[in-house]
Amino acid sequence: LAAFELAVDARGPLPEIEFDKGLAYVLLGDVEAATTAFQHGTESDDPVVRASSHYALGNLAFDAEDWEGAIAQYTD
């Protein structure tokens, strides 16, 4: 996470960096921070990053047994 913060300091809060931060937060078990980071990732102009962020949000919703939220994110 420290490396990602350095990247944000150097390049600004890019959605691509936020997506990567979200992955790190998932590994650390911080679902709230991961959700916020992935939500920023959905703002990317890169369709792969955008889709991956929605997929990750779908997985978080699925893990929380939020079936409708998971379906909505997977559809997006």
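1. A residue is buried when its relative accessible area is under 20%. Lys21 has 9% relative accessibility, so Lys21 counts as buried. Lys21 sits in helix α2. Leaving aside residues up to four places away in sequence, Lys21 touches Leu1, Phe4, Glu5 and Ala37.

2. Overall fold. The protein chain has five helices and zero strands. Along the sequence the pattern reads α-α-α-α-α. Take the contacts between residues at least 6 apart in sequence: 26% of them join residues at least 24 apart.

3. Size and surface. A compact globule of 76 residues would have a radius of gyration near 11 Å; the chain has 12 Å, which agrees. The C-alpha trace spans about 40 × 25 × 15 Å along its principal axes. Of the 76 residues, 37% count as buried. The accessible surface comes to about 4800 Å². Carbon and sulfur atoms hold 57% of that surface.

4. Helix α2, geometry. How far apart are the end C-alpha atoms of α2? They are 20 Å apart. The 14 residues of α2, at 1.5 Å a residue, should span 20 Å, so the two values agree. After α2 comes Gly29, with a positive phi near 80 degrees.

5. Helix α2, burial. The buried residues of α2 are Pro15, Ile17, Glu18, Phe19, Lys21, Gly22, Ala24 and Tyr25.

6. Helix α3. This helix runs over residues 31-41. Its buried residues are Ala33, Ala34, Ala37, Phe38 and Gly41. Viewed down the axis of α3, these buried residues fall within an arc of 130 degrees, so they line one face of the helix. What covers the buried residues of α3 includes α2 (15-28) and α4 (47-63).

7. Aromatic pairs. The count comes to three. In the pair of Phe19 and Phe38, the ring centres are 5.6 Å apart and the planes stand at 50 degrees, so the pair is tilted. The cut-offs behind that label: under 30 degrees counts as stacked, over 60 as edge-to-face, and the rest as tilted. Which helices does this pair join? Phe19 lies in α2 and Phe38 in α3, so the pair ties together parts that are 19 residues apart in sequence. Both Phe19 and Phe38 are buried.

8. A second pair. Phe62 and Trp67 also form an aromatic pair, and this one is edge-to-face. The centres are 5.1 Å apart, with 70 degrees between the planes.

9. In brief. Lys21 is buried in this predicted model at 9% relative accessibility. The buried residues of α3 line one face of that helix. The Phe19 and Phe38 pair links α2 with α3.

Definitions and conventions
Residues are numbered from 1 along each chain as its sequence is written. This is a predicted model: local features need pLDDT of at least 70, side-chain atom pairs count only at pLDDT 80 or more; totals for chains, interfaces and linings use all residues. Side-chain values use heavy atoms; hydrogens and water are left out. Buried means under 20% relative accessible area, exposed over 50%, partly exposed in between (1.4 Å probe, protein chains only). Helices (H or I, at least four residues) and strands (E, at least two) are DSSP runs, numbered from the N terminus. The arc is that of the directions from the helix axis to the C-beta atoms. Contact means heavy atoms within 4.5 Å. The expected span of a helix is 1.5 Å times one less than its number of residues. The radius of gyration is taken over C-alpha atoms; the globule rule is 2.2 Å times the number of residues to the power 0.38. Accessible areas come from the Shrake-Rupley method with a 1.4 Å probe; for residues, only the protein chains shown count as cover. Rings of Phe, Tyr and Trp (its six-membered ring) pair if their centres lie within 6.5 Å; planes under 30 degrees apart count as stacked, over 60 as edge-to-face and the rest as tilted.
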